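Let's take a walk through this protein together, one stop at a time.

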Amino acid sequence: MTAVAEQAVGTGRVVWLTGLSGAGKSTLASALHEELLARGVAVELLDGDAVRENLSKGLGFSKADRDTNVRRIGFVAGLLAKHGVTVLVSAISPYADTRREVLAGLPDALEVFVDAPLDVVTARDVKGLYLKAIAGEIPHFTGVSDPYEAPESPDLHLRTDRISVEDGVRQLLEKLGV
């Protein structure tokens, strides 16, 4: 094995962005992904919606199915990180115990709480899903009729109703030491 290959093994990490739908997880993760790529960092983005469509298709929105989805994302993130990749996970991951369990098994994991109040995420929701959930038309909607358990002590807490995407990326880069 070459010195470069030896260095790469085990140097990956996972940045887990959690928060309500519409809080800005995917926006921040995508912007951070582009910045890390530009800096030559081996990086992969695992977006919750894409993973649900491609890896967890068929799962519903019960607690058990949501937990299975989060564990699958964690499994893939761990495999990538084990091979030197910085993995950006953008997933609601609503249950604190499951998040803690998954994060505990990941190398050098950072938990990032992407936070915006319900009125802000409702206003950002172009599909009107929050309004439908509030009206009772969509059952099991996280943050309305299903719980979202915010991290008690995340590694980074980003209030996206108070900061720009650029500021969020700057804070993430600082936390990563990049």
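Start at alanine 23, which is buried because its relative accessible area is 0%. Keep in mind as you look around that this is a predicted model. Alanine 23 sits in the loop between strand E1 (13-18) and helix H2 (25-38). If you skip the neighbours within four places in sequence, alanine 23 is in contact with Val114, Ala116, Val121, Arg124 and Thr160.

Now hop over to lysine 25, which lies in helix H2. Is lysine 25 buried or exposed? With a relative accessibility of 7%, lysine 25 counts as buried. Its side chain reaches the backbone oxygen of leucine 20 at 2.8 Å. Beyond its neighbours within four places in sequence, lysine 25 has contacts that include Leu17, Ser90, Ile92 and Val114.

What do the records say about this stretch? An unreviewed UniProt entry lists Gly19, Leu20, Ser21, Gly22, Ala23, Gly24, Lys25 and Ser26 under "binding site". From this set, Leu20, Ser21, Gly22, Ala23, Gly24, Lys25 and Ser26 are part of the lining of the largest pocket. UniProt, again in an unreviewed entry, also has the annotation "domain: APS kinase" for residues 12-158. That span is 43% helix and 17% strand, and its end C-alpha atoms lie 23 Å apart.

Next, find aspartate 146 in the loop between H7 and E5. Aspartate 146 has a relative accessible area of 13%, so this residue is buried. Its side chain makes a polar contact with the side chain of arginine 66, at 3.4 Å. Neighbours within four places in sequence aside, aspartate 146 is in contact with Phe61, Arg66, Tyr95, His140 and Phe141.

Last stop: rings. How many aromatic pairs does the structure hold? There are 2 aromatic pairs. In one, the ring centres of phenylalanine 113 and tyrosine 148 are 6.1 Å apart and the planes are at 20 degrees, so this pair is stacked. Phenylalanine 113 belongs to strand E4 (residues 110-115), while tyrosine 148 is in the loop between helix H7 (129-134) and strand E5 (156-159), so to speak a link between distant parts of the chain, 35 residues apart. Both phenylalanine 113 and tyrosine 148 are buried.

Tyrosine 130 and phenylalanine 141 make an edge-to-face pair, 4.9 Å centre to centre with 80 degrees between the planes. Here tyrosine 130 comes from helix H7 and phenylalanine 141 from the loop between H7 and E5, 11 residues apart. Tyrosine 130 and phenylalanine 141 are buried too.

How values were computed: Residues numbered from 1 in each chain as written. Predicted model: local features only at pLDDT ≥ 70, side-chain atom pairs only at ≥ 80, totals over all residues. Heavy atoms only, no water. Phe/Tyr/Trp six-rings, centres within 6.5 Å; stacked < 30°, edge-to-face > 60°. Helix = DSSP H or I, 4+ residues; strand = E, 2+ residues; numbered from the N terminus. Buried < 20%, exposed > 50% of the residue type's maximum accessible area, 1.4 Å probe, protein only. UniProt positions renumbered as here; feature names shortened; annotations may be inferred. Polar contact = N/O pair within 3.5 Å; in protein donor to acceptor, adjacent residues only side chain to side chain. Contact = heavy atoms within 4.5 Å. 1 Å grid on protein atoms, 1.4 Å probe; cavity = no way out; pocket = protein on both sides within 12 Å on 5 of 7 lines; lining within 4 Å.
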